Amino acid sequence: MQSLRVFTRSVKDDEKSSYDLLDLVHQVFLISKNEVKYVANLEIDVPEDIILYCNGVQIAQVFVNILVNAAQAIKSQKRYNMGTIRIVARQTDPNIIIRFEDDGPGIPKENLSKIFEPFFTTKEIGKGTGLGLSISYDIIVNKHNGSINVRSEYGHGCVFTIVLPIVSA
Ligand SMILES: Nc1ncnc2c1ncn2[C@@H]1O[C@H](COP(=O)(O)OP(=O)(O)O)[C@@H](O)[C@H]1O
Ligand SMILES: [Mg+2]
């Protein structure tokens, strides 16, 4: 099993290895902690025995993107209570399903089809590049044969769902 910390320095672009999903999620939380901790409680519902055969750095990059987006969305509401971000994973053969749910502002219907496009951002200049979700889409769909989708009702938060096929090393 690879640890991301050890692995990041030596990883090649397309190299894949086995990762414990819960480990990966914990490392992603550490990377994103400063963005998340003041705006949202993070609930992690990930079973211990899910193994992902993947490029760990790339998958971590996807998780960080989605997590930081959720935190920034919640922060933009200037609300007085903490938000909630939940990471839920399940293994249901032949797939591993990973969901990121947040109770932030959600995405207006007219933007839903655009968020995976390069350079689409609703953030101020200097804050968002609009590249996070397009890179994430490329990593999940083209590099890992998975899928990534969003469900959102404006005003009622977002759910990003990633489906990855179970691949053995
Ligand atoms: N959890 C979320 N809640 C609300 N809007 C979101 C969320 N995640 C993504 N978005 C929308 O998708 C857009 C594109 O996201 P992304 O590709 O990561 O670029 P960036 O974060 O640089 O704007 C964001 O600007 C925002 O409008
Ligand atoms: Mg982003």
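## Aromatic pairs

Searching the whole structure, which is a predicted model, turns up three aromatic pairs. One of them is worth a look: the ring centres of Phe 63 and Phe 100 are 5.3 Å apart and the planes meet at 55°, so this pair counts as tilted.

Where do Phe 63 and Phe 100 lie? Phe 63 is in helix H3 and Phe 100 is in strand E5 (residues 95-102), so the pair ties together parts that are 37 residues apart in sequence.

## The ligand and its contacts

Helix H3 comes up again around the ligand: H3 gives three residues to the shell around ligand 1, the largest share. The shell has 19 residues in total, and Thr 121, Thr 122, Lys 123, Gly 130 and Leu 133 are the closest. By class, nine of the shell residues are nonpolar, eight are polar and two are charged.

The side chain of Thr 121 has an N or O atom 2.6 Å from an oxygen atom of ligand 1. For Lys 123, a polar side-chain atom is 2.7 Å from a ligand oxygen. Leu 133 takes part through its backbone, where a polar atom lies 2.8 Å from an oxygen of ligand 1. On its own, ligand 1 has 540 Å² of accessible area, and the protein covers 93% of that.

## The pocket

Which pocket does ligand 1 take up? The space of ligand 1 is the largest pocket. Helix H3 (56-76), helix H4 (132-142) and strand E7 (158-165) are the elements that give two or more residues to the shell.

## Two backbone features

Two loops deserve a moment of your time. Most residues other than glycine have a negative phi, and most peptide bonds are trans. Against that background, the peptide bond joining Asp 93 and Pro 94 is cis, with omega about 5°. Pro 94 is found in the loop between strand E4 (83-92) and E5.

The other feature is at Phe 119, a residue other than glycine with a positive phi, near 75°. Phe 119 sits in the loop that runs between E5 and H4.

Terms used. Residues are numbered from 1 along each chain as its sequence is written. Chains are lettered from A and ligands numbered from 1 in the order in which they are written. This is a predicted model: local features need pLDDT of at least 70, side-chain atom pairs count only at pLDDT 80 or more; totals for chains, interfaces and linings use all residues. Side-chain values use heavy atoms; hydrogens and water are left out. A residue is near a molecule or strand if one of its heavy atoms lies within 4 Å of it. A polar contact is a pair of N or O atoms within 3.5 Å; within protein, one must be able to donate a hydrogen and the other to accept it, and residues adjacent in sequence count only if both atoms are side-chain atoms. Accessible areas come from the Shrake-Rupley method with a 1.4 Å probe; for residues, only the protein chains shown count as cover. On a 1 Å grid over the protein atoms alone, a cavity is a set of points where a 1.4 Å probe fits but cannot get out, and a pocket is an open set with protein on both sides within 12 Å along at least five of seven lines; lining residues have an atom within 4 Å of a point. A molecule sits in a cavity or pocket if more than half of its atoms lie within 2 Å of its grid points. Helices (H or I, at least four residues) and strands (E, at least two) are DSSP runs, numbered from the N terminus. Ala, Val, Leu, Ile, Met, Phe, Trp, Tyr, Cys and Pro count as nonpolar, Asp, Glu, Lys and Arg as charged, and the others, Gly among them, as polar. Rings of Phe, Tyr and Trp (its six-membered ring) pair if their centres lie within 6.5 Å; planes under 30 degrees apart count as stacked, over 60 as edge-to-face and the rest as tilted.
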